Amino acid sequence: MGHATLRVARMKYKQLIVLIPSHGLEDLPTDLAEKPAASLINGFACLWHPALIASGEVIPQWQRADSPQGDLASRLTLIPIPSQDVLPVGWVEQARSVGGVVISGEHDREKILTQALAPLGPLPELDPELVADFIAFGTTYLLLELLTRRMRNFNHIDEGYLHREMVAAATAAVNADPAAARKHLTTCYEMLLESRERFYPVECFLLDLCLITPETANESFERLLQSPAPFNVHAPAQVWQTIVESDPRWSDRVQAALERKTLELVGGDDEEVGSALMSLDSTIWHLQTGRAIYQKLFGRMPVTWGRKRFGIGPHLPQILGRFGYQGAMHLVLDDGIYPDQEQSQVRWDGNDGGFINAISRIPLPADGASGIFRFAERMSESMDMDHVAAVMFARWPDMRTPFLDDLRRAQAYAPVLGKFVCFEEYFSRASGPARRLSHQPDEYLSPSLVHAVAAREADPVGRHIRYWERQRAFDQADWTRQVARVLMSEFGPDESASQLQAAVEAAHPEAPQEIQAAADQAITKEFSRSVPRLQSIVTGGGEAGPGVLIFNPLSFPRKTLIEWPSGSVPPQDRNVLGVQVDSDRTLALVNLPPCGFLWLAGGPARANTPPGKIPLAEELLLRNDLFEVRFSEATGGIAGIQTYRRSPNRLSQQVALRFPHEKLVSVGEGEERESIKTFYTSMQMRESRILSEGPLVGEIETLGDLVDENAGEVVATYRQRSRVVRGRPVVEVELEVCPARMLEGDPWSNYIGCRFAWRHIDVALTASMQQGAHAARKQRIEAPHFLEIADDDFRTTILTPGLSFHRKTGERMLDTLLMTEGETTRQYRFAIAIDTKYPMQECLDEYSPPIVVPTQTRPPEGSRVGWFFGLSAANVQLTRILPSSTPNSVIVRLLETEGRGRVLGLQCFRTPTSARQVNFRGETVMTLRIDDAVNVEISPYEICDIELTF
């Protein structure tokens, strides 16, 4: 060939041996710490260096460390760290005394190679990339041997043929003939592939998932982008934006890899916030915003969705599908509880009946030997259990160990252990029958509460209360703006509305206080602009006359209580169901049309209203025309709620501090005194007051202490105001709790909470999850809107506006968490609804008050009550009115909340010329028929965008 052969070696290795700490590869320990694992893998891999093989024309072998065999002279022996303890005493000294080379207890690849090559003397310069391919063969060979045995099979490699080809490859390599070396080395790799295909003859796949941050976008990542083996990169869109802004060349580098199809971008969210407890509109907005950033930076959007942080649930398949995603990762690389049913490919069912292809196998950490050593175990599980075998690796661009790079190098020769692919190719090639991944929302539990407490962040509970208050305020401000635009035939993009929503979405529960305050100010500013504008549109053309204009942004008719502006009283009107005039306020119960308005003239002021024959509030008793509420003389909490028809006590309520451990307390007096164990303080009332006797509103206040009876000390004080309204099926509660000292520790076991108890155990507990009613069967529950206790005859609903964390403490008891470590919130609201059919609607009705606007102009005659949009189904809510890019069009977003699909009518103040359902990319899903209303077919829990063209 014209090249000098290796003639200067002072030593030729007659054997290349690695000693293993087991009887065979079948029982080779793979659950090892990092250094022992690296020592063992490198012990196998380094012996395949071409100079070592060419020196004595031998290939590596393994022997048992407890009984090494053969001639020790001119032999290279590697003793990994796990093998040291089982080696015969004095064996190392004996081997070295007869001329053997022994490398013991080393785990670093470069150090092993330096010591192994030194006895060979000066070597010709070898291609480092080619040398790395030989060593990668050693890693691949070891992992294949382990996989073969995991698959209950035997090595089918022709050892003689392998010996000849490998020696030829090594000889060519040291003689500077890389083409011949690669040809023979390819044959060796193909022999490994043939051996694997004996027990798994179809394709298997390897997925390399790289996580990127602005700090790790470095030379290592640039080299990775240039590598031929496909890989996937995950990062939120804002991270990519930061990376590209710091160095615009990253955009071209990423796009070049995308064009070569060696890279796929995974993700879609602009940032990874704690979306599990946020609104569905927030989830959609973060995806829309993130995808727009991807498009701007790289000219394309992701087709595979994934998150590092917890944020998965059965609401996602329909959202992802309507954004055009082809696949998803049903897993998180963070904490959190979710169904970890590991499969390489599943049909991830959404709660709307849709699905998306997904992978749910937890990735192996690829940055360490201990993770790589578990490869055979994980791949064999997939081969045995999955329709398509696959293993995913997760890592950063900078790798501490070379083992994943070994597997990526092997890809250039043969897909021995699997083919590295991007997710898009994986989901397209792995298509076929897949197991269904169908789970309920209560099987998912975010780590947000635990993380916030562990990080000593402020207001782990209160942050979610404020988030939902802000969302409701934004919904009202946005509603008034968009209705005004539609009435004035203003269509097309709305930049001001987009900026407002961006400010609101930036104020997520974990956002800094200044960002949340800025969002609140932006909402207030928008409200101050849009409400007067809508008022002027409604009252335009009318005569002068004082009154009150009441807007109802919700899509259902309401019977609601308002506080009438001072200076006048409500008139006698069929839409005014009751009035109460007190010295400091005037209250009115009014009927409001759906998604519309009511104007009422103001009447002259009058004297305070007497409570009536039967007061709504007496000593520790509230009543209205639907039920009675009794309060405990001992605790001051709700002792019972009963309707006037024959019914059991619906619910009892107390406030208590839960201790992290049980305490022994004494109860009773004299001979009846006994000791019991309890986790809770005692709620003890000091006084009670009647605040309002009626005739419209009954209100009682109780005050008292939370007492640690074991220590005999007051740990907190409370003030509870409870109110009922004639004609409304709700008990409204405002609660103030002031602890004597801050709580500490696990928030799920040490907290101040509101305790609820009901009579029977054979009830169905339903909770609001992703703004829909879902069964709540687990001990820990995340539900920011309501919890419903129902049987065949009765329905009792606890409305929890933003109080998101609940814990079942028995078959008929539940705690709603109010305060944990770090909580500064002291005032809370909740309500108890009796026999209401639609809990989500009731929560919206209770905590989204109508907009009350004093006016000096009355609407034109015949236009003093009206509606803009309406729905014929109470289980469907109109959540947003959105601008559309289609001329003369607007999008109405609907949400089914009860898990009951149906056909409904969407009524509009003006009949549209056409209507269609669109996905989140504005593409047509179906064209809709228009009769007296737009006919919409909605699935259970579906988010349905309807574009109306006028």
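Helices (H or I, at least four residues) and strands (E, at least two) are DSSP runs, numbered from the N terminus. The legends below use these names to guide you through a predicted model, in which local features need pLDDT of at least 70 and side-chain atom pairs count only at pLDDT 80 or more, while totals for chains, interfaces and linings use all residues. Residues are numbered from 1 along each chain as its sequence is written, and side-chain values use heavy atoms, leaving out hydrogens and water.

**View 1. Helices α5 and α6 pack roughly antiparallel to each other.**
Start with helix α5 (128-150) and helix α6 (159-174). Their axes come within 10 Å and cross at roughly 160 degrees; axes are lines fitted to C-alpha atoms, for helices over the stretch in contact, and angles run from 0 to 180 degrees between N-to-C directions. That angle is why α5 and α6 count as roughly antiparallel (under 35 degrees is roughly parallel, over 145 roughly antiparallel, 65 to 115 roughly perpendicular and the rest oblique). Their crossing is left-handed, meaning that the near helix is turned anticlockwise from the far one by less than a right angle; clockwise would be right-handed. From α5, the residues L130, F134, F137 and Y141 meet E159, L162, M166, A169, A170 and A173 of α6, where contact is heavy atoms within 4.5 Å. By class, this contact of α5 with α6 has 9 nonpolar residues, no polar ones and 1 charged one. Nonpolar covers Ala, Val, Leu, Ile, Met, Phe, Trp, Tyr, Cys and Pro, charged covers Asp, Glu, Lys and Arg, and the others, Gly among them, are polar.

**View 2. R152 sits in the loop between α5 and α6.**
Most residues other than glycine have a negative phi, and most peptide bonds are trans. R152 is not a glycine, yet its phi is positive, at about 60 degrees. Its relative accessibility is 57%, so R152 counts as exposed (buried is under 20% relative accessible area, exposed over 50%, partly exposed in between, with a 1.4 Å probe and protein chains only).

**View 3. Helix α8 passes helix α10 in a left-handed crossing.**
Here α8 (residues 219-226) packs against α10 (residues 249-260) at an angle of about 30 degrees, and their axes lie 9 Å apart. The two helices are therefore roughly parallel to each other. F221, E222, L225 and Q226 of α8 meet W250, R253, V254, A257 and R260 of α10. Sorted by class, the contact of α8 with α10 has 5 nonpolar, 1 polar and 3 charged residues.

**View 4. Strands β5 and β6 run parallel.**
Strand β5 (residues 205-211) is joined to β6 by 3 bridges. L209 stands opposite N232 of β6. In a regular strand the side chains alternate between the two faces of the sheet. Along β6 (residues 231-234), F231 and V233 point one way, while N232 and H234 point the other way, and all of these are buried.

**View 5. Four strands, in the order β40-β16-β20-β41, form an open sheet with antiparallel pairing.**
Two strands pair if DSSP finds at least two bridges between them. The edges are β40 (851-857) and β41 (865-867), each with a single partner strand, so one side of each has no neighbour in the sheet. From one strand to the next, the twist averages 20 degrees. Strand β16 (residues 544-552) is joined to β40 by 6 bridges, and F551 stands opposite I851 in β40. Helix α20 (residues 513-539) lies across β16, β20 (596-601) and β40, running at about 50 degrees to β40.

**View 6. Three strands form an open antiparallel sheet in the order β42-β45-β48.**
At the edges are β42 (869-871) and β48 (934-938), each pairing on one side only. The twist averages 25 degrees from one strand to the next. Between β42 and β45 (residues 902-908) there are 3 bridges, and the partner of G870 is Q907 in β45.

**View 7. Y941 lies in the loop between β48 and β49 (943-949).**
The phi of Y941 is near 60 degrees, a positive value in a residue other than glycine. With 15% relative accessibility, Y941 counts as buried.

**View 8. A cis peptide bond joins G694 and P695.**
The omega of this bond is about 15 degrees. P695 is found in the loop between β27 (682-692) and β28 (697-708).
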